[in-house]
Amino acid sequence: MASGIKDKVAIIGMGCTRFGERWNDGPEELMVEAFQECIQDAGIDKKEIQAAWLGTCFDEVMVGKSALSASMALRLPNISVTRVENFCASGTEAFRGAVYAVASGACDIALAIGVEKLKDIGYGGLPEFSTAIGTTNALWFPNLTAPGGFAMLASGYAAKYGLDIMDVKRAMAHVSVKSHANGARNTKAHLRKPVTDEQVMNSPMIAFPLGLFDCCGVSDGSACAIVTTPEIAKSLGKNDIISVKALQLALSNGTEIGYKWDGAHFITTTKASKAAYEEAGIKNPREEISMMEVHDCFSITELVTMEDLHISGRGKAPTDIMDGFYDLNGKVPCQPDGGLKCFGHPIGASGLRMLYEMYNQLLGRAGDRQIKDPKIGLTHNLGGFPMMNVCSIAIIGRHGA
Amino acid sequence: MIGVTAFGGYVPRYRMSRMTIIQNMAWYFPVIMAVAGGEKAVANWDEDAVSMAVAAAYDCMAGKDRKTLDGVFFASTTMPFADRLNAGIVAAALNAPEEGITNADFSACLKAGTTAAISALEAVASGERNSVLVAASDLRKSKMATMAEMFTGDGAAALLFGKDDVIAEFKGSYSLNADFVDHYKGAGKDFDYMWEERWVRDEGYGKIIPQAIAGYLKKTGMQLADFDKVVYPCYFTGTHRGIAKKLGIDPSRLQDNLHNVCGDTGTAHPLLMFCAALEQAKPGDKLLLAGFGQGCDVLGFEVTEKIRDFRPALGATGSLAAKVDLPNYQKYTKFRDLITADLGIRGEANPNTSLTALWRKRKMILGFTGSKCTECGTPQFPSLPMCVNPDCNAVGAFEDYEFADKPGKIQMFTGDMLSPSVDPPAVYGLVEFDEGGKAFLDFTDCDLNQIKVGMPIRMSFRRRMKDQARGFTGYFWKAVPKAQG
């Protein structure tokens, strides 16, 4: 019987670039910037890293295939470096590779780094991905975009709970307002202006019912983590040890797009979060989770995710959101750093960027965003589309908590 | 007895008032004001001659077994492929058999529809074929502010010919050939080149149609007075009536040329008018049908009692009635690629189409065929090697399952302004079929603000992409929300 990952691996260093339109920096510069902060935080020599994982998504328009870009940019000492890609879970996948390598005993110290340089394509939004859906799907798939794919969820959610779609949109608007308020306090965030409900509600329509301010930014950025065993961490003089409590992924198998599904929730998130809580020994997530960074690619995604994480009851997320339950001063602050909404979504980096905030909050380093005495932080990524997706969940916390 | 065993028509949803053209373009060529009345049918941006032929064919084959077809003839002057059997695409969209069937394209002349009909009837008469479908369709591009733009409309018609359950018995045909070039379209050209109208009217339609009808009557020994309806195309309404008058045909026996409600649909037009005539016909009625273009084909039919048992799904009349006004002339010119609008860098992506994958998945892509699990009975799309039902997951236990004619409802949807589209927003969503199965589909022929979750849909075969660089046209099925009625 597998015992899970809980408390087997510690994070000893993290780094994260400022996210934004980094016109003058390529993916190499971004990786080095995040790595420099990370290795300084870890207090080790680069030569002590025995294996590394790189998470990127749009390799075609960025670093190219293979992990050579990271190995060369960071001048790693001819160690194993593996590039992983699993849509928006790519950053968390890189982290999982490094964590599992340490947990297995295959190596003592491993690096996970994620990067995405999105602003080299010449147009807004994510890069066009009609060539990335597979040869057969290319013959029949609607020419969908990310906002369009997720916007569908709002119509499904409103129908399921008999709500007027405009009432759902108002709750969605508060999701964005709350994240902007947090992002305004974060010097590494891309978008740093608070917004009002009216601004969000009246922003130009991108994909009905998602307006511009229901959509996350598009940015360049990189984030990384160095992991080892709790024993080695102690031997390195680390006192406040942050350890991994759970790492779970769940992928669609065709049920949503081709079988039975209500169109109002994520089957994958519902399952992955349950498995993650079991792995972490969490019985009541609404009480035990101190804070979260979830995949708010679009406001509706965050709204529905609150229910799939078993924190808001089914159909109750709009109420919790409007009640401020997820605000920075709420019971379970969500997106304390500003989320994808303010950081944008350099895909390979996002999962690690979320962990960076949880890690800093747990260590009391979050400045004027600091949450009081957090013990457990959850991160969540959702890649693909509501009807066909990849979900990753990571839970980290104080060692032994 | 051989003859027509089923018929159907398709006129695309949009109608543009000719006044709309005049308001936008009469400043440039005021002569177009001479035909200011009525409206023309305008195909949506995702339609072409093949997709409209498929729509007419499904209309015709409603309630008929498409597996019994042993010939599919496609007639058009605007075929998307110069070398790839266009009729083969129509046949594949119908899920017609691949074995023991002869499919052929009839092209390069506006009477190709009636010529295809004669060939189909002769094939059935010979005993070599039992059931041959003729689908005729045209989507002609015309330059802005021309008489061609005023006269032409888009549309399709289909006739099924066979031996069983004949609803209109074939009473012989007569053809004459005349290299009378009223207009032509050079190979590779987008537009027709037209000669002077007066000559076309008086020396073309006005003489050649009567000459061919006379030939038919002489050959068959019949009298024109025998016919209850005479059907021939002529987009000059005055000339259309003038020919009847000259021949002594009472206006009540002349089939309307559809100029006011549709415009001339080219190759499809005589067949579309014929469908409209059949929709009104009674047992015992005799119909004369003529097609014009570099000569003239004439065919005679006598309606049987079986006409009482047949109705197309919508028919020419139903299709003409199901219309939406297109008041935006710029939209029409964009739909026809007459103006250049920017799709943005996002719209530049243009991978080629994998012809190996298309061949492997032809039933799925062209025929919208998924599968039904023989273990648990679940209809599913797309068909993968393992059953989608998580409690089943049977491997390879499938039979083909056609979704094209299955009713369904919208489960979720959006209107996407970011997706590059000729007619933004791109509307798409997830559809649940009433008898099981679901699919993620583009929607078409709809207005976003009328769509709701739970709204019924029907399926329509559409052009999915046009690869301008390589000349390839890709097709798939889209959902058409039934907004009202």
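Predicted model: local features only at pLDDT ≥ 70, side-chain atom pairs only at ≥ 80, totals over all residues.
**Met150(B) and its surroundings**

- Met150(B) belongs to helix 5 of chain B, a helix that is made up of residues 147-151.
- When neighbours within four places in sequence are left aside, the residues in contact with Met150(B) are Arg18(B), Ile21(B), Ile32(B) and Val35(B).
- Arg362(B) lies 212 residues away from Met150(B) along the chain, and the C-alpha atoms of these two residues are separated by 38 Å.

**Helix 2 of chain B**

- Helix 2 of chain B, which covers residues 49-61, has 13 residues and spans 18 Å from its first C-alpha to its last, close to the 18 Å expected at 1.5 Å a residue.
- This helix is mostly covered, since 13 of its 13 residues are buried.
- After helix 2 of chain B comes Gly63(B), a residue whose phi is positive, near 80°.

**An open sheet in chain B**

- In chain B, 3 strands form an open sheet in the order 16-15-17, and the pairing in this sheet is antiparallel.
- Strand 16 (379-380) and strand 17 (398-402) of chain B stand at the edges with a single partner strand each, so one side of each is left without a neighbour in the sheet.
- Strand 15 of chain B, residues 369-373, runs antiparallel to strand 16 of chain B and is joined to that strand by 2 bridges, with Ser371(B) standing opposite Gln380(B).

**Strands 18, 19 and 20 of chain B**

- Strand 18 and strand 19 of chain B run antiparallel and are joined by 8 bridges; within this pairing, Gly408(B) has Phe433(B) of strand 19 as its bridge partner.
- Strand 19 of chain B is also joined to strand 20 of chain B, again in the antiparallel sense, by 5 bridges, and here the bridge partner of Glu432(B) is Lys438(B) in strand 20.
- The hairpin of strand 19 and strand 20 of chain B has 4 residues between the strands, and in this hairpin Gly436(B) takes a positive phi near 110°.
- Strand 19 of chain B is mostly covered, with 6 of its 8 residues buried.

**Where chain B touches chain A**

- The contact between the two chains takes 40 residues from chain B and 34 residues from chain A.
- On the side of chain B that touches chain A, the elements giving two or more residues are helix 11 (355-360), strand 18 (408-416), strand 19 (426-433), strand 20 (438-442) and strand 22 (472-481) of chain B.
- Among these elements, strand 18 of chain B gives the most to this side, with 6 residues.
- The residues on this side of chain B divide into 24 nonpolar, 11 polar and 5 charged.

**The two domains of chain A**

- Chain A is divided into domain 1, which takes in 10-121 + 220-235, and domain 2, which takes in 144-214 + 244-398.
- The C-alpha centres of these two domains of chain A lie 24 Å apart, and 33 residues of domain 1 are in contact with 29 residues of domain 2.
- Strand 1, helix 3 (90-103), strand 4 (110-116) and strand 7 of chain A are the elements that give two or more residues to the side of domain 1 that touches domain 2.
- Helix 3 of chain A supplies the largest share of that side of domain 1, namely 8 residues.
- The residues on this side of domain 1 of chain A divide into 18 nonpolar, 10 polar and 5 charged.

**Strand 1 of chain A**

- Strand 1 of chain A, residues 10-16, is mostly covered, and 7 of its 7 residues are buried.
- With strand 7 (residues 221-228) of chain A, strand 1 runs antiparallel and is joined by 6 bridges, and Ile11(A) stands opposite Val227(A) in strand 7.
- With strand 8 (residues 242-251) of chain A, strand 1 pairs in the antiparallel sense over 2 bridges, and the bridge partner of Ala10(A) in strand 8 is Ser243(A).

Definitions and conventions:
Residues numbered from 1 in each chain as written. Chains lettered and ligands numbered in written order. Buried ≥ 20, exposed ≤ 12 C-beta atoms within 10 Å, placed from the backbone. Pairing = 2+ DSSP bridges. Expected span 1.5 Å × (residues − 1). Contact = placed C-beta atoms within 7 Å. Nonpolar A, V, L, I, M, F, W, Y, C, P; charged D, E, K, R; others polar. Domains from an automatic or database assignment.
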